[in-house]
Amino acid sequence: MMRPLHLIALLLCLLAPSAFAERLYQVELLVFRQAGDAVIAPKIAPDDWAGTALPIAGSERPTSLDNEAAKLNPGNGYQVLLHKAWSQTLSSTPSRVAVSSGEAHLGHYPVEGTLAFTQDRFADLDLELWINRFSADGLLESSEHMKITQRLKDNSLTYLDHGSLGALVRISPL
């Protein structure tokens, strides 16, 4: 009778690390314009801005940073550009998602970009966003580029500052 229990305990010890290797999180991103002149990138957003990143469509969730978003209003000198929440699995293998906001113009959005997460002990974020401006005929005219790498802690609100742009990010285990 003891032998099967030892085998089960051994199997659980071997399988446990893989069970914790991938965890499901809610990710929330709030991108906003803050006071200051826009810093136009030398190049416009590339046509393949999403690359191999998976869209968040189908995994979107209700937002929880609504109070923070309400404070980021024009009366306080801010403009919310994107506010989305979704569920995503984080692991030691990078997982990359594509986010966008607004109406598409020839494959580009007013706000578009990717977030890549890697999690070992902490979650590491690589964020690359393009804030685009279009001409009257819908052609991409200019872009602001926000590229930041940041370490995140579970359930902590992280502020990312990038000149005239800012972002709030929170990851929470589900």
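A salt bridge is a side-chain nitrogen of Lys or Arg within 4 Å of a carboxyl oxygen of Asp or Glu. By that criterion, the side chains of R151 and D124 form a salt bridge, with an N to O distance of 2.9 Å. R151 belongs to strand β7 and D124 to strand β6, so this pair ties together parts that are 27 residues apart in sequence. D124 is partly exposed, with a relative accessible area of 27%. The structure described here is a predicted model.

**Overall layout**

The protein has 174 residues, of which 39% count as buried. Its secondary structure consists of two helices and nine strands. Read from the N terminus, the order of elements is α-β-β-α-β-β-β-β-β-β-β. Among contacts between residues at least 6 apart in sequence, 63% join residues at least 24 apart. The accessible surface comes to about 10100 Å², and carbon and sulfur atoms account for 56% of that area.

**The five-stranded sheet**

Five strands make up an open sheet with mixed pairing, in the order β2-β4-β5-β6-β7. Its edge strands are β2 (54–55) and β7 (140–152), each of which pairs on one side only. Strands of a sheet pair through backbone hydrogen bonds, either parallel or antiparallel. Strand β6, residues 123–134, runs antiparallel to β7, and twelve bridges join the two.

How much of strand β9 is buried? Seven of the nine residues of β9 (residues 165–173) are buried, so this strand is largely enclosed by the rest of the structure. Strand β1, residues 23–33, is joined to β9 by nine bridges in an antiparallel arrangement. L29 stands opposite V169 in β9.

Strand β8 (residues 158–162) also pairs with β9 in the antiparallel sense, over five bridges. Here D161 stands opposite G166 in β9. The hairpin of β8 and β9 has two residues between the strands, and in this hairpin G163 takes a positive phi near 65°.

**Salt bridges**

The structure holds three salt bridges. Their distances are listed below.

| Side chains | Distance, N to O |
|---|---|
| R33 and E144 | 2.8 Å |
| R151 and D124 | 2.9 Å |
| E144 and R133 | 3.7 Å |

The side chains of R33 and E144 meet at 2.8 Å. This pair links distant parts of the chain: R33 is in strand β1 and E144 in strand β7, 111 residues apart. Both R33 and E144 are buried.

E144 also meets the side chain of R133 in a salt bridge, at 3.7 Å. Since E144 lies in strand β7 and R133 in strand β6, the pair ties together parts that are eleven residues apart in sequence. The relative accessible area of E144 is 2%; because buried means under 20%, E144 counts as buried. R133, by contrast, is partly exposed, with a relative accessible area of 34%. Through shared partners, salt bridges join R33, R133 and E144 into one network.

Conventions: Residues numbered from 1 in each chain as written. Predicted model: local features only at pLDDT ≥ 70, side-chain atom pairs only at ≥ 80, totals over all residues. Heavy atoms only, no water. Helix = DSSP H or I, 4+ residues; strand = E, 2+ residues; numbered from the N terminus. Buried < 20%, exposed > 50% of the residue type's maximum accessible area, 1.4 Å probe, protein only. Contact = heavy atoms within 4.5 Å. Areas by Shrake-Rupley, 256 points an atom, 1.4 Å probe, with all protein chains shown as cover. Pairing = 2+ DSSP bridges.
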